[in-house]
Amino acid sequence: MDNAGPPDMVVRSGAEWLVSALEAEGVDTVFGYPGGAIMPVYDALVDSRLRHILVRHEQGAALAADGYARASGRIGVCMATSGPGATNLLTGIANAFMDSVPMLAITGQVSSALMGTDAFQEVDIFGMSLPVVKHSFIVRCAADVAATVHEACAIARGGRPGPVLIDLPKDVQLARGTATPSRSREDSGVQPARAVDIDAAISLLSRSARPLLYVGGGVGIARAEMALRDFVAATGVPAVCTLKGLGALDPDAPELMGMLGMHGSPAANHAVQCCDLLVALGARFDDRATGKLETFAPGARVLHIDADAAEIGKLRGADVALRGPLAQLLPILAQRSPVATEDWRAHCASLRRLYANRYDAPGDDVYAPALLHDLSRAAGPGAIVACDVGQHQMWVAQHWRINACNRHLTSGGLGTMGYGLPAALGAQLACPDARVICISGDGSIMMNLQELATARRYGIPVKIVLLDNGCLGMVRQWQELFFEERYSEVDLSDNPDFVALARAFGIAAFSINRRDEVPAAIERVLAATGPILCHVRIDPRANVWPLVPPGKSNGEMMESAA
Amino acid sequence: MKQKLLVTLLDTEGALQRLLGTAERRGFRVCAVHAEVVDSAQCHVAMTVESARDVALLARQLLRLHEVRKVCVA
Ligand SMILES: Cc1ncc(C[n+]2csc(CCOP(=O)(O)OP(=O)(O)O)c2C)c(N)n1
Ligand SMILES: [Mg+2]
């Protein structure tokens, strides 16, 4: 790096510009995997302050960056080479897109002159990723690299966050460019709401006898949890949460009815079906939450409050739409909204009591809901749980005491098996003092098992609890219930010896089979100073209850197979 | 139903792909499109789309795109 001509102007290679711009952004950790088309960037990393975490599959890099971002609220950064490296990132990029996670994905690209010629390891990652990025760039000259990084980060974080891709041709990484070292840009905020809309919202709330909050992931993203808790404390309005809204309210808040939707609590679903005003807060009427849309909250008017105008009316029309920053709107609404009536609150409280979770299942085998409930209590309110996808994910949502949205890392929108382990690693690196627990399944863990090597290499002390039912449990459950028990390709009874496998990676591991072994196992897992895997054998026939059958109304929950 | 949209967008790499792709992915068939770069920075697009969905929904999705400056439902 040398100084050139005019003051402040500096000459650097494109790769050096990239690295220095990331440093200027305050990025401290980058998850990645090298290869031919990104070698100049890896060369520049040698002289940089950035901590690069070498994952063992690019999907692991993107999902770790996602976990890092969700847990910390800062942007997650991942990088890969062109071609297969870039395509391997795609699932993680899509995951971040569906769940509105701020992420910067950097891909090397073949040299500009070769682009469009089917060169070795050339793929049009810009084109392939278009549907799953918030925005994307191909940088065409070295002098533009730093400004592009700053713009990309601001876009990824601003408004409704999401992933942004920068594709960097190799010649641009190598070329020298003259520019002024720049700084992080201010994120674009969310436009304030209009006073008339606020008045209309208050009027709707004032006329409602049975108002209900439908809390989505947008509350956590807007960092509006405290404002929401204050609103609920002031008004007593009951609330249901989506999978991603869990944690926005205190798990002990008397107004919290639990999660709604397919595997939601009957209390929550019944409350939705009988409310007369549904206040959607950063929620998007996802089909897993609404069940059959036409019968969702049939008697309710809708007040839809969201930072993203495109969500309003997308699936269900809003009687009043309020577009604006939730953290600012909720205090205004709290001041001017009436307190919910005693009758309605008492009705909701009785639903809650009636459908409270029970943990007294008969038998000696491990009852996963009880294990998760006990583990989450023992782990404490500050623990971060990252889960995979399947039955175990739903059990976490139902039985883990989730205290804050950013302590529950779950692949909500995309439902990505393989998310849990890399997300846990990312979260642990972002929050070194937190206790990070990964709840995985025997199917899911195999999708990014290679990241045990990452845990080992960097001594990342994640606690992995592997719920092994010897099958793709969630799919098996659907085949049992909705495909007349015609089991098709869900058997995993020939699973490898997970304990031996973990040990082969240098990770401490042990197995339990019986319920009476659970307390000691929890103690052992939580006492471990390094990474550890606890393999838990559970009944392959266990199902997640209750369940709203596909295509049915949330009012038609099944409570058992009978 | 067919409806016409007038869109002003920054003439950046991939802008047109993003615009047309968003329309199609969101359930709007693009029946006609005329795009023209009017000065070095801006592109004007007139497009006719067909869908059972409300075109206002598409307009809001398009406004989320970073390069889209203005959308009018004609
Ligand atoms: C990458 C990916 N492939 C397939 C699926 C479909 N799928 C959803 S849940 C599930 C079974 C998961 O099995 P496991 O991890 O063992 O969890 P369990 O349901 O048994 O708790 C499958 C195959 C998915 N969500 N993601
Ligand atoms: Mg399983």
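Colleague: Which residues does L228(A) touch, not counting residues up to four places away in sequence?
Modeller: This is a predicted model, in which local features need pLDDT of at least 70, side-chain atom pairs count only at pLDDT 80 or more, and totals for chains, interfaces and linings use all residues; side-chain values use heavy atoms, without hydrogens or water. Residues are numbered from 1 along each chain as its sequence is written, with chains lettered from A and ligands numbered from 1 in the order in which they are written. Taking contact as heavy atoms within 4.5 Å, L228(A) touches L213(A), V215(A), V219(A), A248(A), L249(A), L281(A) and L330(A).

Colleague: What distance separates the centres of domain 2 and domain 3 of chain A?
Modeller: The contact between these two domains takes 17 residues from domain 2 and 16 residues from domain 3. Taken over C-alpha atoms, their centres are separated by 30 Å.

Colleague: Which residue follows α10(A)?
Modeller: Helices (H or I, at least four residues) and strands (E, at least two) are DSSP runs numbered from the N terminus. Helix α10 covers residues 225-235, and its buried residues include L228(A), F231(A) and T235(A). With a positive phi near 70°, the residue that follows is G236(A).

Colleague: Which helix gives the largest share of the shell around ligand 1?
Modeller: The ligand is surrounded by 17 residues (a heavy atom within 4 Å). At least two shell residues come from each of α16 (391-399) and α19 (473-482) of chain A. The largest share, three residues, is from α19(A).

Colleague: How much of the exposed area of ligand 1 does the protein bury?
Modeller: An oxygen atom of ligand 1 is 2.7 Å from a polar backbone atom of G473(A), and a polar side-chain atom of H392(A) lies 2.8 Å from an oxygen atom of the ligand. Taken alone, ligand 1 exposes 590 Å² (Shrake-Rupley method, 1.4 Å probe). Of that area, the protein buries 76%.

Notes: A polar contact is a pair of N or O atoms within 3.5 Å; within protein, one must be able to donate a hydrogen and the other to accept it, and residues adjacent in sequence count only if both atoms are side-chain atoms. Domain bounds come from an automatic or database domain assignment. Buried means under 20% relative accessible area, exposed over 50%, partly exposed in between (1.4 Å probe, protein chains only).
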